[in-house]
Amino acid sequence: MVQEKISTKQTNFRGDRLNFLSKLSIRRVWNALLVLGSYGLTRILKKPVQWGLPITISIEPTTACNLRCPECPSGLRAFSRPTGNLKADFFRETIDSLYRELTCLIFYFQGEPYIHPGFLDMVRYASKKGLYTITSTNGHFLDDSNARKTVESGLDRLVISLDGVTQEVYEQYRIGGKLDTVLEGARNVVRWKRALRSSTPHIIFQFLVVRPNEHQIGQARQLAREIGVDQIKFKTAQVYDYSGGNPLIPTLEQYSRYKEGADGRWTLKNQLLNHCWKLWHACVITWDGMVVPCCFDKDAQHRLGDLKKASLREVWKGEAYQSFRRQLLLGRDQIDICTNCTEGCSVWVNK
């Protein structure tokens, strides 16, 4: 995946880094070193070695969403797995068992987090445990009240999907969305950050580059500066049906995950090397407690454990997880969720 991140305020970008570093404790640093060491040894030995516990966890507040974006199972209402909301008690129990080693908690997998009525209460709970907290939103629920509560919750990073600077272009991907609502929501959070003299959350506009909006990249940069968000990130889009071409694939090569061959067939740019840092340092927990390897397993087909039956410590070290790691080391191109993955081909450009 080729991504370009352009900071609208370099001092804010540095401040976000410093904020992240402030969350580190000796125990969390030691855990990270264990994970990094085991991953390095795995690369050398070509067999899975797993020390430590996850550094980063993504947890799913809800599978519900107000939009109907193509290429998104939540938007398409296309899940085969159960759908629902994360239970507060289960969330607190999970965090209580992990926060000493865990560094980063991402409140997002599928769905729109702000639809969950207790979402910001969960953010506040995680923040009090000293975790670096992140969420990603389509921006339709950031009214004045929620914007203030977001700043007061202690959320460290807020990613707002933009995907267009005019309604006509925006709604081609964000089907059912209202661009004016998104922009007003971003302005609300910026205003409350200033009013409450808060350095957080670090606000990022995420612009998913597809063919219908690629001509608005420059305008999106300018809009980010005008509103006062801290960064804008241009992200490549994942499409499921790409081999014969797809109208969402950008014509701008640097923003495409795919390339066209001489025979007219499209393939993923990534070489799919048989290793994956994400599988060693992070995992995803669905709203109902299923542990899956990463965010590419959107329908939770590779269930490596159930936190209603075992602790994450047991799942993380368990045979199902180790078996999946061994399978990946033998042939990442043989695992369905890996064949459209971008691990190992990220490029960041800072301004």
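Modeller: The model is a predicted one.

Biologist: What makes F20 and Y132 an aromatic pair, and why is the pair called edge-to-face?

Modeller: The structure holds 10 aromatic pairs, and F20 with Y132 is one of them. Their ring centres are 5.3 Å apart, and the criterion asks for centres within 6.5 Å, so the rings pair. The angle between the planes is 75°; because planes over 60 degrees apart count as edge-to-face, the pair receives that name.

Biologist: Which parts of the chain does the pair of F20 and Y132 tie together?

Modeller: F20 lies in helix α1 (residues 10–22) and Y132 in strand β4 (residues 132–137), so the pair ties together parts that are 112 residues apart in sequence. F20 is partly exposed, at 29% relative accessible area, whereas Y132 is buried, at 3%.

Biologist: What makes Y114 and F119 an edge-to-face pair?

Modeller: The centres of Y114 and F119 are 4.9 Å apart and the planes stand at 65°. Y114 is buried, with a relative accessible area of 8%, and F119 is buried, with 1%. Both residues belong to one aromatic cluster, formed by F91, F107, Y114, F119 and Y125.

Biologist: How do you know that E60 and R81 form a salt bridge?

Modeller: The closest N and O atoms of E60 and R81 are 2.7 Å apart. A salt bridge requires the nitrogen and the carboxyl oxygen to be within 4 Å, so the pair qualifies. E60 and R81 both lie in the loop between β2 (56–59) and α3 (88–98), 21 residues apart. E60 is buried, with a relative accessible area of 0%, and R81 counts as buried at 6%. A search of the whole structure finds 14 salt bridges.

Biologist: What makes D96 and K129 a salt bridge, and which parts of the chain does the pair tie together?

Modeller: The closest N and O atoms of D96 and K129 are 3.5 Å apart, and the limit is within 4 Å, so the pair counts. D96 lies in helix α3 and K129 in the loop between α4 (119–128) and β4, so the pair ties together parts that are 33 residues apart in sequence.

Biologist: Why are D96 and K129 called partly exposed?

Modeller: D96 has a relative accessible area of 30% and K129 has 25%. Buried is under 20% and exposed is over 50%, so values in between are called partly exposed.

Biologist: What makes you say that the charged end of K129 sits over the ring of Y99?

Modeller: The charged end of K129 is 4.5 Å from the centre of the Y99 ring, where the distance limit is within 6 Å. The charged end of R325 likewise sits over the ring of W316, 4.7 Å from its centre.

Biologist: Is D306 buried or exposed, and is K308 buried or exposed?

Modeller: D306 counts as buried at 14% relative accessibility, and K308 counts as exposed at 53%. The two form a salt bridge, with the closest N and O atoms 3.1 Å apart. Elsewhere, salt bridges that share partners join R27, E101 and R313 into one network.

Biologist: Which residues make the nonpolar surface patch?

Modeller: L18, L21, L24, V29, W30 and L33 make a nonpolar surface patch of about 590 Å². The elements giving two or more residues to the patch are α1 and α2 (26–45), and the largest share, 3 residues, comes from α2.

Biologist: Why is L18 called exposed?

Modeller: L18, which is in helix α1, has 57% relative accessibility. Exposed means over 50%, so L18 counts as exposed.

Methods: Residues are numbered from 1 along each chain as its sequence is written. This is a predicted model: local features need pLDDT of at least 70, side-chain atom pairs count only at pLDDT 80 or more; totals for chains, interfaces and linings use all residues. Side-chain values use heavy atoms; hydrogens and water are left out. Rings of Phe, Tyr and Trp (its six-membered ring) pair if their centres lie within 6.5 Å; planes under 30 degrees apart count as stacked, over 60 as edge-to-face and the rest as tilted. Helices (H or I, at least four residues) and strands (E, at least two) are DSSP runs, numbered from the N terminus. Buried means under 20% relative accessible area, exposed over 50%, partly exposed in between (1.4 Å probe, protein chains only). A charge sits over a ring if NZ of Lys or CZ of Arg is within 6 Å of the ring centre and within 35 degrees of the ring normal. Patches are made of residues with over 30% relative accessible area and no salt bridge: like charges are joined within 9 Å, nonpolar side chains (Val, Leu, Ile, Met, Phe, Trp, Tyr) within 5 Å. Accessible areas come from the Shrake-Rupley method with a 1.4 Å probe; for residues, only the protein chains shown count as cover. A salt bridge is a side-chain nitrogen of Lys or Arg within 4 Å of a carboxyl oxygen of Asp or Glu.
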